[in-house]
Structure formats: C-alpha cells, structure tokens
Amino acid sequence: MMALLPMLPLRGLVVFPGMEACVEVGRPKSIEAIKKAIADGGDIFLTTQKHIDLEEPDLDQVFRFGTVAKVTNVTALENGNIRVVIKGKERARLKGLVNTDPFYLAEVEIIPESDESTPELRALAKQLLDQFARYVQTMKKIPAGAMLAIVADQSPSRIADTVAAQLHVGNEEKQKVLERVGVEERLRYVLDMVNRIAAVGELDKKISNQVQKQIEKSQREYYLREQLKAIQRELGESDDKAGEIEELRTKVAQAQLPPNVEEKVLKEIDRLEKMPPMSAETVVVRNYLDWVLCLPWNVETKDNLDTALAERVLDEDHYGLEKPKQRILEYLAVCQLRGSVKGSALCFVGPPGVGKTSLARSIARALGRKYVRISLGGVRDEAEIRGHRRTYVGALPGRIIQGMKTAGSRNPVFLMDEVDKLGADFRGDPSSALLEVLDPEQNFSFSDHYLEVPFDLSRVMFITTANSVHTIPGPLLDRMEVIQIPGYDSEDKLHIARQFLIPKQLKENGLKPAQVNIAESAVKRLIQEYTREAGVRNLERQIASLCRKSARLIVQGKRKVVRVSGTNITKLLGVPRYKESEVETESQVGLAIGLAVTEWGGDVMPVEVTTMPGKGNLILTGKLGEVLKESAQAALGYLRANGDDLGIPPEYFEKHDIHVHLPEGAIPKDGPSAGIAIATGLLSAITERRIRCDTAMTGEITLRGKVLAIGGVREKVLAAQRAGLRRIVLPVQNRAEVEEIPSRIAKRSEFIFVRDIRDVWNNVFFVDTPWVPCNNVLDKTMGTQAQRGVN
C-alpha cells in the first residue's frame, strides 16, 4: 500500500515496529514534519541517516527501509527544540521524496506486519527467547524477568524486532534486521546476533574472573604484609618509613583522586619507598605528595541558589552597585534552570574605594561559597601563577593552586585583585599565564608546573578588579566580562556613611552609638570639604578620625556625649582641605574647563591658552601624552583651515606663538576627550572672547570640526557637579549614557549636546547672543563688537 507521509530523518537511532522512543527534535524541517504529522492524524515515516553529521540529508543519504510511527506526545523545550514520543507501527520502504521544503514529504510503500505463526516459527522464537535470557544474565544490562515479560506474549515477528531493539549493537546491524521483511529470515538473523554477542560476553566473563583472581592475590599479599608488620612489632622492630608509606597509600585511597592523578601519586609513593630516608630528594617528593593530597580534587560546597536570599545579602553589605548585583542574580537564575553550576570570570572596573573587593566577599557569602583572595599588583614572574618546577630548590605551586588549597573546595569565589597592575620582565608574562586560568574552554585542565597534573578550575567563579582596563592586555580582557562600577555622588556617600561607615567605625573604636552623634550636616561637610574622591575610602578615614578624637574626649572626661555638627566639625578636623569649587568663578579669556576620567574617578581639567608674538610655534605643557598632543594639533589645524570664516587673518599664526597648558604639571594626562576644550581655549585666546566659567565640556574634535563621542560620562558629570559646574557640553552620541544616569543626579546639571565645534562655541562664549566671528582679531574695536554680538 502506497502513502504520502512527512519524513523524520533520525540520527543514531533505529525505530522498530512496536517500539516506543523519545526523540529530541531541533532541525527546522524536522519540527515542521512533526507539526504536519500531528495535523494529519499523527502518522510519520521514520528513517535513519547514514551519517549523523548531515543537517539536511538527501535521498541517497538515508536508508530506504524505515518505520511508520505515530506521534503520541509532544513537549516544547526552553532551547526551542521539541521532545517527541513516537511509537512504531509497521515497516515501510522509501520510494522517493515528493517535497523537501518546508519539510520532507516522502512517498512510502507500507509493508504490513505478518501474523504468521507456524510451528517452525514458534520454535525459532522460543530458541531466540532462551538465548536472549542467557544474554541478559551474562550482560546484566537489563532485568531478565522484566525483559522476558515484554516479549513472552508477542508474535514471532514482534519478538524478533523487540529483541533486536534491546541488543547492544550498532545501528547498521539493527538496520539490517529492519530490512529483513521475512519473519523466518529475521528470526534466524537476530538469533545469530544474540549468539555472537553471548560469545563475546562469555569471553568478557572469563577475563573478569582472571582479574578477580589477581585481586585475590593482591589481598593475600596485603594479608602477609600485615602479618610481617605484626611480627616486627612483637620483636620490637619499628619501621617508621613503612608506616609513612602506608599512611600515604591510605590517604590516596580516601582522596578519590582522578585516575591520572592517582597514577602519578602512586608512582611518586613507590619512588619515595625506594629512596634513602636522608636523601634530599626524599624531602622534595614528600612535600609534593603533601601538596597533591591536600588539594580539593572532589570537595565542593553546595551553592545557595535562592535568588531572594542572595539579593538580600548583597543589599545588606552594599548600597547601590545595581549592575554587579543583577549579574550575580542572573548567574544564580541560570544555575537554577540548568541544574548545574558553571564557572565564570568577571572583572570589576572602577575607581578606588567604590567597593570592588568587598563586593566579591559579599558575593561569596550570598552564594554560600568559600572566599579566597590574591593580589596581583606588582607580580612580574609567570611562576607566581603557574608555580616552579620541582627541579628548583624551594619550589612551590603557583598562587592559583595555593589559593585552591586555602579555599578547601573546588568551587570558591576566587578574587584576583589589581589585575591591571600586572607587570612583565625576562621571567615571563603573568598576564599570558592567566589566559588559561580565566578561559572556560581551557581551565578545566589547568596545568601547574609544580603539580605536573591537570587541575579542574571550571567550577571556580573568578572575579578580578581593576581601576582601568587600558593597561590590561587585550587577550586577557577578552576572557572576562567587564562590569563598570561607577563612582558615588554626594547622596550615595551620605547614605553609605550613615548606614555602613559610621556604625563600623564606632564599633572599631570602642564607642557606643549613644556616646557619639554625627549629624547629617557634619557628614555633608565631610563629603564636600574634607574629601574629593569617587569612592568612600577617604570619607571612612575622616569618620575614623572623628571617632578617635571623640574617644579621647570621652576617656579624658571632658565629654560624656560628643555631638558633631556642621558648625563644630572644624574644631575636631581643622580647616577644610577643599573649597566648594576649585575652578575659577570669573569668566576669563583663554580658560576652558575640560573633564577627564582618571583611575580615581572623574576630575575637572582646566585648559589654559595664551598667545604671544613669535614665529607660529605651538607650545604644549602639563606632562601631556601623545594622544592629547595630537588633539591640540587637530584643534589648531581646524582653526587655521577655517581662519577666514572665523575672522582670523592667515598672517596671525605666522606672527604669534600659542602656548597651551594643563595645570598640575606633575600629573600625566592623555586622551582625546579634551579636544573641544582646547579648541575653545585657542579661539578664546586668539579672539579675546571670554568663556563661561559655569560650563564644562568634553569631546573629541576632528579636523573637520566634528565632535566625537567619549567615555566615562557618569564620572565626568559627577566631577563637574563636585566642582560646582552647572552646564555640561557633551557629544550628541553620548545622549544614551546621560539617560542611564539616575535622575536625581542628572537633574542637577544642564546638558548641552553638540555635533560640531560651532555648536560648542554658540553655547560657551560669554555673550548675550550666539557667537559671531569678527572680521579682524587684530582690531580690538572689532573684537569688542563681536563680543557684544554685533556684525
């Protein structure tokens, strides 16, 4: 009988009539075929691919014989695949493919199942059942009673199919059974298969008996050895070395080491057993064995996958830091869904004092994992990471393996502090050694030079910290997920001080909350006038200083309760270190306020420009880097190229020297974001127009005057606010970053988004109307008119 049915090519599976199977389907054509089969009543044609790696096999790449089956159940999976339960009905032969898109539609010839049951067929079926029962007893793969109950009441044809489906043979052998339509031929072929497999099983049993005899021999030797030890004890003869060797062997047996590690350790124990006790090599081998046996090869802590509890723990320890917290909660959610835990590598980047290191400790507490920390600042030797080879005197494993020993589990939270401070010299590059540690495709077999056997780091959650990503090598940075931790604004610092810092310092200085009262006004003055930082480290030091001075007053009996307010704080801490605003409060010619990002957060960067008679030289001072120097040259190039439009005569640049200076000359400065500030300062100095003193600006300038996007927007905005600058000029491409800034911070500033340097000048020059170029900067009268906005 001919039929048109959707076809499902199977990989690595042969389905027989009467057999029920569960198949995961993910290929688009296969999914469409399942949908079509369900829509048409559930029948589908199953055939097996000749090569399992083919995604879209053609007619010649599948077997012609298959099975017509019925789809009984379909379940959608989270990964987009579907799980299908199918039950084979009858054999069929593939005649051709009618269509291949959107699914395979096959023309098949259905071969009805034979109900023939002659005495000869029943005899063959009984013989097959008997042989199969012996096969089950020999192989012990499935319960004998259960299997015999399955096949006992079936027809000879179905018995042959069911037994063939249960045999541990390749799919090609099973396909040969499927292609045998005659019942007698099929029974004889399956019977021959069972006999062949049973013969192999008998041979396997014989080998197992030989292995058992060898084990009994080893037990006999152990028994004799124990008797020998008892005799030595009776005679008063002690053998300390033998006891040590036996103790080591016992530790190896209890440690459940990986097979390759156990083999290596037993070889070292055999070497130790043959060495003289006073040999120098004996100490080396003994230390090596101690290190290997104390590592957590199979010891791990159980993760706390409760996201609500983890979120509560993180909020208890840290204020803000939403992105890192969200990343940890996402990690826990994925672990819950996967049912297994996978390691990861995060890199917290931010200014000092924002809580990067303490956040890693909180993550360990939230996950219920062990916590271990190493500092990589100043590390220059590759052996610090990978360890020294045992040929060196005093050799030890690297810091990674030492940290795993300290943790005592194979899935700790492993913090590597100051990864951006790594160095390199003739002894190697530690950052290159860290590539294997942080790469999930490699760290499951991390190789330490001292251990000489691979150690699995794939379950470790690695967290690194850095103040800047610019000094981290690109390949190493690529192995980590970078999470920016921005600086805190004044409100954040106030909250952190009240909730965390003050209670902590009161406790550390032996004070009770009732003895010292630090008012909110005092904390605000600490933040604004005694500290100037992105984090809260110096703020904590100032609070600690207040607590120490209060403790002294209380101990000396001068006060019972110390109340610190905004008015009397200067009596305890002295004159404030910072004024409310360190930038100029008067608009000036040639002074533009730029913004920069440093390792300590954002900062204002004044740009001073002056001109003098000369020969057209550009003088750059302030310890500027190459990129910053090129930005100044680009800004000057734009002014010279557009001098006619700006009212600057060509001879001006030939008769004047221009000096650009960035104050605080001992501090290195670099980067392109000062481009528009330099260009504005240059034009101001040349045209003698004043620049608004309440405006900060940041952006890269091109030779065509375009303003390009910059980084560190949040840090720069906070720096401008700390300095009292209300207006901030930013590239229009950075509008999205501004929108991510919390509204309580953004509403304090007026943001001006620009595309071109002319947009900048129209908003920063101190005039009542937009900036209009003068006709001749050498004419003081015309310059004054331009300042007033007169053509």
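Okay, Tyr652: it's buried, at a relative accessible area of 5%, where buried means under 20% relative accessible area with a 1.4 Å probe, protein chains only. Phe653 is buried too, at 6%. Their ring centres sit 5.9 Å apart with the planes at 90°, so we call the pair edge-to-face. For pairing, ring centres of Phe, Tyr or Trp (its six-membered ring) lie within 6.5 Å; planes under 30 degrees apart are stacked, over 60 edge-to-face, and the rest tilted.

Quick caveat: this is a predicted model, with local features needing pLDDT of at least 70 and side-chain atom pairs pLDDT 80 or more, while totals for chains, interfaces and linings use all residues. Numbering runs from 1 along each chain as its sequence is written, and side-chain values use heavy atoms, without hydrogens or water.

Back to rings: the structure has six aromatic pairs. One of them, Tyr638 with Trp761, is tilted, at 6.2 Å centre to centre and 50° between planes. Helices here are DSSP runs (H or I, at least four residues), numbered from the N terminus. Both Tyr638 and Trp761 are buried.

Now, helices H8 (259-274) and H9 (280-294): they pack at about 150°, axes 10 Å apart. Axes are lines fitted to C-alpha atoms over the stretch in contact, and angles run from 0 to 180 degrees between N-to-C directions. H8 and H9 are therefore roughly antiparallel, a label for angles over 145 degrees.

Notes. Helices (H or I, at least four residues) and strands (E, at least two) are DSSP runs, numbered from the N terminus. Angles under 35 degrees count as roughly parallel, over 145 as roughly antiparallel, 65 to 115 as roughly perpendicular and the rest as oblique. Buried means under 20% relative accessible area, exposed over 50%, partly exposed in between (1.4 Å probe, protein chains only).
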